[in-house]
Amino acid sequence: MATPNPMANTYPIPPLPVSKKTVCIAGIITTVYGLDELDAKVQDVACLWLLHPRLQTQECMAPVAASTVNAWREEKQKPKKGKALGLICVSFDQRNHGSREVDALSNEAWRSGNKTHAQDMFASYHGTAIDTFHLMNYITSYVFPTSQHVIVNHLVLGVSLGGHAAWHCITHDPRITTAVVIIGCPDYVRLMSDRARLSKLATWTDSDPPGSSFLGSTDFPKGLVEAVERYDPAGLLLGEIVSRDDDVYDWVPTASEQQRLLPLMKRSLQGKRILNMAGGDDKLVPYKCGEPFLRWLKKATASDGWFNEGGVVFEDIVFDGVSHDMNPSMVREAHRFIIEALEQTPTEIAGRASKI
């Protein structure tokens, strides 16, 4: 069964094009959008990293870049207070995709004959997050070599596989202050367990009860379990994933447990903004797989939650009747959320990040 292109119906009317420049940074071909649209008098610039879906390439993010740059330019026409800010968008091929493809089968799922689907997908998009961090270190020296502009804020927007990677980006690098996650999932164990069940893998069906020996099997090896615990948002924050069940997601940590969690939450999420969007009819990345962790995070960061002073802005929107697609409504919500983030002053961002 062919994997759908979640970007296919994103833009009924193509957005006005913006400038783009191809730059090879650290051996990775990147495309930088919006350089020509920057005001020469404005020094500070925000950078939005665009992460594409599985089986697609960076080219599919071009309309997202154009529409977002145009949306910010239109917003800047309105009378505003505070320091002026420019915006560029950057895309690149995820590992083993597009110009970086080395093995096509490794991008496929179990049903398409890829026996190492679980390892391949997680390693691929975790690698994409690492690539994003690495590119962040050097992009200014390539695109602003005379220091005419300076990047003061990094944001990320990812779709599907790119959405999974966006969760890693926002969780593991303090420079990234805002994430828009579209049809992605923060809980790899639940996502792949559901996929193993639907794929009727022997490592799922041949245990009693079904699935009880899936984690640690050849389809989800112990080494992958350990990597997921270290890097996946749900694995990182909820600890021992092999003992996780639905009750854990409703767990409110005790005072002593909070002593362990607080430094981790501060390092991972303090002062950050996250917009998570999903399709209610998504069969490929079902909302139900991420919902327990998202529910846990909402409770922790709510006004009466135990991490309520962490300054986290978290929105979770499910679009009824939408499958594994990035639809126009999601685009509008993404623009709104990004514009709200860009309108914040550095003082406001720092203030949210220092509440605890």
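Predicted model: local features only at pLDDT ≥ 70, side-chain atom pairs only at ≥ 80, totals over all residues.
Helix H9, which spans residues 255–269, packs against helix H10, which spans residues 287–301, at an angle of about 100°, and the axes of the two helices are 14 Å apart. Because angles of 65 to 115 degrees count as roughly perpendicular, H9 and H10 are therefore described as roughly perpendicular to each other. On the side of H9 the contact involves Leu-261, Met-265 and Leu-269, which meet Trp-296, Leu-297 and Ala-300 in H10. When these residues are sorted by class, the contact of H9 with H10 contains six nonpolar residues, with no polar and no charged ones.

Aromatic rings were examined next. A pair of aromatic rings is described by two quantities, namely the distance of the centres and the angle of the planes. The count comes to 13 aromatic pairs in the model. In one of these, the ring centres of Trp-204 and Phe-214 are 5.8 Å apart and the ring planes stand at 65°, so the pair is edge-to-face, given that planes over 60 degrees apart are placed in that class. Trp-204 belongs to helix H5 (residues 202–205), whereas Phe-214 belongs to the loop between H5 and helix H6 (222–231), so the pair ties together parts that are 10 residues apart in sequence. Trp-204 is buried, with a relative accessible area of 15%, and Phe-214 is also buried, with a relative accessible area of 1%.

A second pair, formed by Phe-293 and Trp-296, has ring centres 5.9 Å apart and planes at 25°, so this pair is stacked. Phe-293 and Trp-296 are three residues apart in helix H10, which means that about one helical turn separates them. Both Phe-293 and Trp-296 are buried, and Trp-296 is also one of the H10 residues that meet H9.

Gly-34 is buried, with a relative accessible area of 0%. Apart from neighbours within four places in sequence, Gly-34 is in contact with Val-18, Ser-19, Val-69, Leu-87 and Ile-88. Of these residues, Leu-87 is 53 residues from Gly-34 along the chain, yet the C-alpha atoms of Gly-34 and Leu-87 are separated by 6.9 Å.

Definitions and conventions:
Residues numbered from 1 in each chain as written. Heavy atoms only, no water. Axes fitted to C-alpha atoms, helices over the stretch in contact; angles between N-to-C directions. Helix = DSSP H or I, 4+ residues; strand = E, 2+ residues; numbered from the N terminus. Parallel < 35°, antiparallel > 145°, perpendicular 65-115°, else oblique. Contact = heavy atoms within 4.5 Å. Nonpolar A, V, L, I, M, F, W, Y, C, P; charged D, E, K, R; others polar. Phe/Tyr/Trp six-rings, centres within 6.5 Å; stacked < 30°, edge-to-face > 60°. Buried < 20%, exposed > 50% of the residue type's maximum accessible area, 1.4 Å probe, protein only.
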